[in-house]
Amino acid sequence: MDEVTKANLDTLKSPDGEARYQALNYVLEVTARPVDWAYDVWDEMLATLRHENNHQRAIAAQVLCNLAKSDPDGRMLKDFEALLTATKDEKFVTARHTLQAIWKVGLAGKKQQKLLINGLQRRFHECSTEKNYTLIRYDILHCFKQLYDQVQDETIRAKALEFIELEEDPKYRKKYASLWKMKSISQKGIL
């Protein structure tokens with residue numbers, strides 16, 4: 001790992017919010033492509049998902065999601081549940097940051113993609129009792145769209161459309177369908 005990356009990783013722990021934000025942007029940009037130092041920080045990021053500070057939890061989740069493509073040993077296959085749990089963080093903003101980044105796990109390979117889809121499917125159903133479930137569902141469907149855009153797997157699109165059809169409220173069904181630029185929405189589902 002080069003010194004600039006190391007310095008930015010260290011700055012992720014800074015009490016200075018602006019410095020932390022700049023460092024996070026740098027780290028996310030660097031980890032948008034596979035890196036050879038993922039395991040140097042993996043365990044620390046995993047542990048930080050349980051940090052007392054929600055900013056630290058959100059940072060760790062986003063970095064781990066980006067590192068999934070730098071995981072030749074398949075650690076994400078056993079650590080994914082920790083990320084999925086972070087989508088239920090007590091601080092809704094932290095949960096959303098995690099949820100909005102978790103789709104990147106699906107870029108790491110077919111096993112990770114299956115794990116992600118199954119996890120998001122579970123999350124889609126269980127969130128119905130949560131305060132902001134419509135936002136959670138929107139983010140989940142957005143994850144499916146982002147993953148689909150990258151891998152062009154029709155089963156991902158079909159799964160998302162299946163979820164949209166489950167929505168009983170036409171207002172939210174329409175909002176969810178807008179992610180997929182669907183023009184025609186019936187009362188029972190998508191035409």
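Mentor: A crossing is called left-handed if the near helix is turned anticlockwise from the far one by less than a right angle, and right-handed if it is turned clockwise. By that convention, in this predicted model, α5 passes α7 in a right-handed crossing. Helix α5 covers residues 76–86 and helix α7 covers residues 110–126; their axes lie 10 Å apart and form an angle of about 25°. Angles under 35 degrees count as roughly parallel, and therefore α5 is roughly parallel to α7.

On the α5 side, the contact is made by M76, L77, F80, E81 and L84. These residues meet K111, Q112, L115, L116, G119, R122 and R123 of α7. By class, the residues of this contact comprise six nonpolar, two polar and four charged.

Helix α3, residues 38–48, packs with α4 at an angle of about 140°, and the two axes are 9 Å apart. Angles from 65 to 115 degrees count as roughly perpendicular and those over 145 as roughly antiparallel, so α3 is oblique to α4. The crossing of α3 past α4 is left-handed. From α3, the contact draws on A38, V41, W42, M45, L46 and T48; from α4, it draws on Q56, R57, A60, V63, L64 and L67. The residues of the contact of α3 with α4 divide into nine nonpolar, two polar and one charged.

Helix α4, which spans 54–67, also takes part in the largest pocket, as do α2 (17–30) and α6 (92–101): each of the three supplies at least two residues of the lining. The volume of this pocket is about 220 Å³. It is lined by 13 residues, of which L24, H55, I59, Q62 and H97 are the closest to its centre. In terms of class, the lining has six nonpolar, six polar and one charged residues.

In the loop between α8 (133–151) and α9 (154–166) lies Q152. Its phi is near 55°, a positive value in a residue other than glycine.

To return to your request, the two helix contacts may be read side by side: α5 is roughly parallel to α7, with a right-handed crossing, whereas α3 is oblique to α4, with a left-handed crossing.

Notes: Residues numbered from 1 in each chain as written. Predicted model: local features only at pLDDT ≥ 70, side-chain atom pairs only at ≥ 80, totals over all residues. Heavy atoms only, no water. Axes fitted to C-alpha atoms, helices over the stretch in contact; angles between N-to-C directions. Helix = DSSP H or I, 4+ residues; strand = E, 2+ residues; numbered from the N terminus. Contact = heavy atoms within 4.5 Å. Nonpolar A, V, L, I, M, F, W, Y, C, P; charged D, E, K, R; others polar. 1 Å grid on protein atoms, 1.4 Å probe; cavity = no way out; pocket = protein on both sides within 12 Å on 5 of 7 lines; lining within 4 Å. Points joined across faces, edges and corners; volume = space filled by probe spheres on them.
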